[in-house]
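Open the model in your viewer and keep the selection tool at hand. This tour goes stop by stop.

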Amino acid sequence: MSDSSSKRGQTTIDFAVGVSVFLLAVIFIFSFVPSLFAPFDSDQSLLTASDRIADTLTQDMLVTEQDGAAQRYVLERDCTTTYFERVNGNLESVPSQCRYPDSVKNVTTSVGFKSGPVGVGQTKDVNVTIESYSAGGDTTIATVDGTRLATGDVPPTQSQTIIVSEREVVIEGTNEEFRFVVRVW
Amino acid sequence: MNLKDTLGQAFTLEAVFAAILMLSAAVFALQVTAITPLTSSTSSQQVQNQQAALADGFLSSQQEQDTLKDAVLYWNPSTISTRKGAWHNKSTTSPGEGYTRRSQFNQSGFPFGQQLSKTFLSKASASNVELVYEPQGADDNSYYLVELGTPSADAVTVERTIILYDSDRLRNEDGTVSNTELGSLNSSRFYAPNLDGPVYNIVTVRVTVWRI
């Protein structure tokens, strides 16, 4: 009977309002729940790794010594060039004043510096460069004593999160300041 | 069976309240989104650590190249009795103690300023350089070398101490050593006073760096 439609407590407009409110709520939830997991998407250890690599190399491994104490951010010229040569596969002899760990000194084959001296492991890609400043402040990869001061994996050119740590160093004897850049991804 | 008695939802208002309840639950759930200390962001602690390390490296490098002392002595003593003097390239009529514009300290005779400009100003950071010395009497104990503004809340400060002797000479505008010895200067012609003994004064170079 057509009476039943007049006895319903819900008109068409009531139904429309109710369903639209319900749909709005559902769409809202479905679009914002993925952002709950956003902090856990990226690898949070990249930040620590890049910081530690930069600190280890510029404050301990490649620095000069004065009265037995390491001079932070003052890199020893021969040790720095030898380090980059050895890591890139050219096994030069290690000068006696260098503070390398034994994993770099005693090896006879070219060593991937990720697992040894820097201790990062194969799950991360690392790129280490020393860049010199131009007059305007732009930086390009530096070459000292014929050695190009860059090593490690090639940084990706597509969009990907790369964590960069930079330090300001001087290579003793060159009277020039450089920017020590470590990229980890 | 009366159809009306089996309706689970009597009023549209119930639907509205139910939707509000669901939305409140969703908003509450969003408040617990986890941001850890290691999450990359522009204001994380790592940025401050890096700025501090850059400033530390900058000061170490300047000290190694002996340009830190050159910077502290890059002073033009005044010939007028009412003024102390000013840094080279900074006119005595411009306000403030230190350099306020990049063009003033990015000069070829001032390698400290040139490197400061390359290391920090070219990389979207600003810096203040303050010289703190031992005062005599009720005078100020600090003088600015570079003053580019008020530091932000996340600024970091690194310092190095240098000793100035009476026998040290000032630097000319082009960076060469002048003939004026510190000991021979009238004490009111230099920003720091002359202490007794062969040591002129002990100056701490304080570099404050922040991101802009």
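Which side chains meet in a salt bridge between B:Asp56 and its partner in chain A? Select B:Asp56 and A:Arg72: their side chains form the salt bridge, at 2.7 Å from N to O. The term stands for a side-chain nitrogen of Lys or Arg within 4 Å of a carboxyl oxygen of Asp or Glu. Between chain B and chain A the count is one salt bridge.

Before moving on, some ground rules. This is a predicted model, where local features need pLDDT of at least 70, side-chain atom pairs count only at pLDDT 80 or more, and totals for chains, interfaces and linings use all residues. Residues are numbered from 1 along each chain as its sequence is written, chains are lettered from A and ligands numbered from 1 in the order in which they are written, and side-chain values use heavy atoms, with hydrogens and water left out.

**Stop 1: the interface**

Stay where the two chains meet.

How much area do chain B and chain A bury between them? The figure is about 3,400 Å², and 60% of it lies on carbon and sulfur atoms. Buried area is the accessible area (1.4 Å probe) that two parts lose on being put together, summed over both.

Now look for polar contacts. Eight residue pairs make them across this interface, both residues at pLDDT 80 or more. Such a contact is a pair of N or O atoms within 3.5 Å; within protein, one must be able to donate a hydrogen and the other to accept it, and residues adjacent in sequence count only if both atoms are side-chain atoms.

**Stop 2: chain A**

Show chain A as a cartoon. It has five helices and nine strands. Helices (H or I, at least four residues) and strands (E, at least two) are DSSP runs, numbered from the N terminus.

Of its 185 residues, 39% count as buried. Buried means under 20% relative accessible area, exposed over 50%, partly exposed in between (1.4 Å probe, protein chains only).

Select A:Tyr73. This residue sits in strand S2 (residues 69-75) of chain A. Is A:Tyr73 buried or exposed? At 1% relative accessibility, A:Tyr73 is buried. Check the backbone too: phi is positive, about 65 degrees, although A:Tyr73 is not a glycine.

**Stop 3: chain B**

Switch to chain B, with five helices and eight strands. Of its 212 residues, 42% count as buried.

Where does B:Asn89 lie? Find the loop between strand S2 (85-87) and helix H4 (102-105) of chain B. B:Asn89 has a positive phi, near 70 degrees, and is not a glycine. Its relative accessible area is 34%, so B:Asn89 is partly exposed.
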